[in-house]
Amino acid sequence: MSCACEIDMSLAGGVLDSMEEKRRGEGRSVTTQDLIPLLQEVQAAYGYLPPPVLVWISEQTGIPTSRMYGVITFYSQFYLEPHGRHTIRCCQGTACHVKGSKRIGEAIKQELDIEEGGTTDDMRYTFEAVACLGTCFLAPVIMIDNDYYGQLTSNKIPAILASYD
Amino acid sequence: MAHAKLTCPDDLAAFRGQAREVLNAYRARVLVCMTGCRARGAVALGQAFRAKLAGAGLDQEVAVVDVGCHGQCSRAPLVLIEPDEFLYGNVEPEDVDEIIEETLRNGRPVERLCASENGKVAAKRDDVAFYKHQSHQVLRHCGRIDPRRIEDTVAQGGYEAVAKALCSMTPEEVIDEVREAGLRGRGGAGFPTGIKWGFCRKAPGNEKYLICNADEGDPGAFMDRALLEGTPHQVLEGMIIAAYAIGAGRGFIYVRAEYPIAVEHIGIAIEQARACGLLGEDILGSDFCFDVEVRMGAGAFVCGEETALIASLEGERGMPRPRPPFPANEGFLGKPTNINNVETFANVPIIIAEGKERYGALGTEGSKGTKIFALAGRVKDTGLVEVPMGATFREIVFDVGGGIPDGREFKAAQTGGPSGGCVPAEFLDLPIDYDSVQKVGAIMGSGGLVVMDDRTCMVDMARFFLEFTQDESCGKCVPCRVGTRHMVDTLTRICAGEGKPGDTDELERLATVVKTGSLCGLGQTAPNPVLTTIRYFRDEYEAHVNEKRCPAGVCKNLITYSISEETCKGCRLCKKACKVDAITGEKKQVHVIDTPKCIRCGLCMDVCPFKSVLVS
Ligand SMILES: Cc1cc2nc3c(=O)[nH]c(=O)nc-3n(C[C@H](O)[C@H](O)[C@H](O)COP(=O)(O)O)c2cc1C
Ligand code: FES
C-alpha cells in the first residue's frame, strides 16, 4: 500500500545502528538471534512493520526476508499494517471471562463497528483481544494505550471511547 | 542513585549501613503502591501526598515511597503507613489531608479507610483477615521498598545471600542447599530446582546460560508480574546465585510485553546492580562474572514452554521441540541452559540467607516453603496471596479472600490456567500442593486461582480454555493442532444447544488422545479443563445436550431475557440501550422484551439500575 519513497528509512537506520553498537560491545555483530528485539524496535519506531523497511534491513543484516516473515506471522504482536492512533486491548483472560468480558468486547465492536484485530476507517482505534493484562483484580478490564479501565460494564464503553481523539 | 562499585562483602555491609541510616532519618513512611494500583489512580495519590506533606512542612520527617503490590488489590489504591502499620484502601487524593492530620500528626487511624471485619474496624494490616491467614516469606519486601532504588533493597538485607554464596560457598554447596531445602519449580511442573541445577552444572562445556521465565502466560495470574514490579532485585539475586551454581556467564529475563511496569523495573534493577558491581565482572571481588539482558515476548503463549522460549530467544518462531535433549544439556545456542520461573528465583536468596532448615519448616512433606497465588474471579477480596504449601482452598478463598460476594455460592476454583482444571466444592478442604491437586485431576500450576460461583457455566469455561489453547497451539504436532480444534467445535456446538447424545463421551475420548499424543506440555495438558469439568459437572453437560438448558444462565442460545414486572420502574434506560429495538414500554410502565428480536447481548441488564432484567 505504501511506496518506499514515502518511508523515512533513517528511523530504521537509527535502530539498526544502536543495536549494532550494543552488539559490538559484546564482541559480535547483529544476527538472526537479534531478530525479535530488532523487529520490536522497528515497530516501536514506525507503529508497524513497513515491508520496504524490512527489505532494507534484510539487505543491511543479511537476515532473509522470508525468515522475518515467518517470525512476524508467528507472533501476534507484530503487524504488517499500520495501526490506529490508539490501541484498545480488551482482556479475555480467565478472571475477566468469569466476570463477563465477552459483553465488553461485544460493546466495543458494536460501538466502533470493527472486528477483533481490526482498525477503524478513520485510523482512530485498533481493537485487540488479549489474554490477561495482569490486573485481574479489576476484571473485566480493558486498556487503551497505557490507561486501564476496570470493573467495567458494557454501558460504560461509549463514554470511554468518546474520550480519545 | 548510582553507587560506587562494591568490591567485597564488607563494602556491601557498609552500603547497607548507609542505606539504613537514610531510611531511619524519617519517623514515618507512607507506602503507596505504584504498580497495580496505578490502574486506580495511585499516581495522583502519590503526588497529593508529596505536595501536601511538603505544604505541611512534614516532608523531612515523613517519606512518601512508591512501592510494589500490597496484596489486597480489591481495595486499590492501597496505602500502608509505617510504623503504625495502618492499611488504607480505596484512598482518594481528597483523603490525604485527613491522613496527614489524624495519622501522621496524631497517630490515629482514619477508620473509614480501614477494612472492617464483622463490623469491627481492622486498622492494622496484620489484623485484616486478608493478611491474618497469610505467611509472607517471598513477598516480605514487596510493598515495603521502592523497587527502583537498590538502596532500599540493600537496607533490608538484599544481596547478602549473593555475598554469602559467592564468597563463602562452593557452587556444589549452593546446589546441595537448594536441593535439600526442597525447593520445587514454581512455573507449574514443580521439578526440584536443586536437581535441575545439578544437571546443568554437570553438563560438559564452559559456555552456559541462565534464563528467567517471566512469560506468565496463564490468563488470570499475576504473581510474577508483582514480583518483578515490586521486588526485582530479589529475582536478580536468585539469578546471580543460580548462575554461580551452574557456572553460567550470561542470562536472560524473558518478560511478556503486556507488563510494561515489570519491564521498566527489572531494567532499572539491572542497571543499578551493574553500577554496584553486583552484575558484570568479578562480582563482589570474587572471580565470578555474570550479566543479564531483558527480552520481551511478542505475544505467544507457547513461548512460556522452555524449548519454545529458547527458540524465541534465538530469533525463531516459538515452536517447542521434543525433549530430551533437555535444555540442561542442549539449550540456548545448543549450550547447557538452566531455566527457572520468576518465583523460583525469588525463593533462592531466602534459602541461602536463612538456611534450608528454616526454609523447610513451612510446607508439606513433598512441597516445601510457600506459594504465591493470584486470587481473582468471583471472590470478595482479590489480589496477591502467599500461604504455606498445604493451605486448603477453603483457607484461601474464604479466610483470606472473604468468600463469595452477593450471597452466592462457591462452585469451583480454577487452578493452573489452561493446563489445569476446575476443583469443585467437595475438595474445599484439600491441602494444596503439587501432588494433591494433581490427584484430583487439576494441577496447582503457577498460582493463578480463579474462583467461580453458580453464575459460571462449566461447559462454557471448558470451551473458553480450549478456544485459548487451540488458538495458541503452534501447529507443529497433529494431536494438538487438530485434536483441540475438534474439541472446541464440539464444545461450541454443545454451548449453542446443538449438542448430540454421545458428545460428552466423544470429548473424553479425544481428550485422552490429545493428552497422550501431543509433543509439548501445551497439548499434553490442554484437555485438563475439559476432563475435570466432565468429571465433576457432568450434569451440566447433560443439561446442555439433552435438555438444551444452561443451568448457570450463560450460554446465549439457551437463555431468554425478561423484565421483572414487580421491580421494573419504567425508567426507559434499557429501551434506550437496546441496539435492536427489542424492548417496548411506556415511561413509568413495565417494559417488555420481544424474545424473537432479542440478541441476548445483555446491555439492558448492565444499564438497569433496579436489577429488573432476569435471565432464565
Ligand atoms: C504451554 C506451556 C506454557 C508455559 N508457560 C510458563 C510460564 O508462563 N512461566 C513459567 O515460568 N513456566 C511456564 N511453563 C513451564 C516451563 O516450560 C518450565 O517448566 C519452567 O519455566 C521451569 O521453571 P521452574 O522449574 O522454575 O518451574 C510452561 C510450560 C508449557 C508447556
Ligand atoms: S484475566 Fe483479565 S486482567 Fe487477568
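Predicted model: local features only at pLDDT ≥ 70, side-chain atom pairs only at ≥ 80, totals over all residues.
1. Chain A, overall. Chain A contains 7 helices and 4 strands. Along the sequence these elements run α-α-α-α-β-α-α-β-β-β-α. Taken along the principal axes, the box filled by the C-alpha atoms of chain A is roughly 55 × 35 × 25 Å.

2. The sheet of chain A. Chain A has an open sheet of 4 strands with mixed pairing, in the order β2-β1-β3-β4. Its edge strands are β2 (125-130) and β4 (147-149), each of which pairs on one side only. On average, neighbouring strands of this sheet are turned by 20° against each other, direction ignored.

3. Pairing and packing in chain A. Strand β1 (residues 86-91) and strand β3 (residues 142-144) of chain A run antiparallel and are joined by 3 bridges. Within this pair, A:I88 stands opposite A:I144 of β3(A). Helix α6 (residues 101-112) of chain A packs on the sheet and touches β1, β2 and β3 of that chain. The direction of α6 makes about 150° with that of β1(A).

4. The sheet of chain B. Chain B has an open sheet of 4 strands, ordered β2-β1-β3-β4, and the pairing is mixed. The edges are formed by β2 (62-67) and β4 (86-88) of chain B, which each pair on one side only. From one strand to the next, the twist averages 20°.

5. Pairing and packing in chain B. Strand β1 (residues 28-33) of chain B runs parallel to β2(B), and 6 bridges join the two.

6. B:E314. This residue lies in the loop between α12 (306-313) and β10 of chain B. Leaving aside neighbours within four places in sequence, B:E314 is in contact with residues of chain A, namely A:T32, A:Q33 and A:R67, and with B:G331, B:F332, B:L333 and B:G334. B:L333 is 19 residues away from B:E314 along the chain, and their C-alpha atoms are separated by 7.1 Å.

7. Ligand 1, polar contacts. An oxygen atom of ligand 1 lies 2.8 Å from a side-chain N or O atom of B:N341. Backbone atoms also take part: a polar backbone atom of B:G217 is 3.0 Å from an oxygen atom of the ligand, and a backbone N or O atom of B:R186 is 3.4 Å from an oxygen atom of ligand 1. Of the 610 Å² of accessible area that ligand 1 has on its own, the protein covers 89%.

8. Ligand 1, shell. The ligand is surrounded by 18 residues, and the closest are B:G187, B:K196, B:N340, B:N341 and B:T344. By class, the shell divides into 9 polar, 6 charged and 3 nonpolar residues. Two elements of chain B give two or more residues to the shell, β10 (337-341) and α20 (521-525). The largest share, 3 residues, comes from β10(B).

Definitions and conventions. Residues numbered from 1 in each chain as written. Chains lettered and ligands numbered in written order. Heavy atoms only, no water. Near = heavy atom within 4 Å. Polar contact = N/O pair within 3.5 Å; in protein donor to acceptor, adjacent residues only side chain to side chain. Areas by Shrake-Rupley, 256 points an atom, 1.4 Å probe, with all protein chains shown as cover. Nonpolar A, V, L, I, M, F, W, Y, C, P; charged D, E, K, R; others polar. Pairing = 2+ DSSP bridges. Axes fitted to C-alpha atoms, helices over the stretch in contact; angles between N-to-C directions. Contact = heavy atoms within 4.5 Å.
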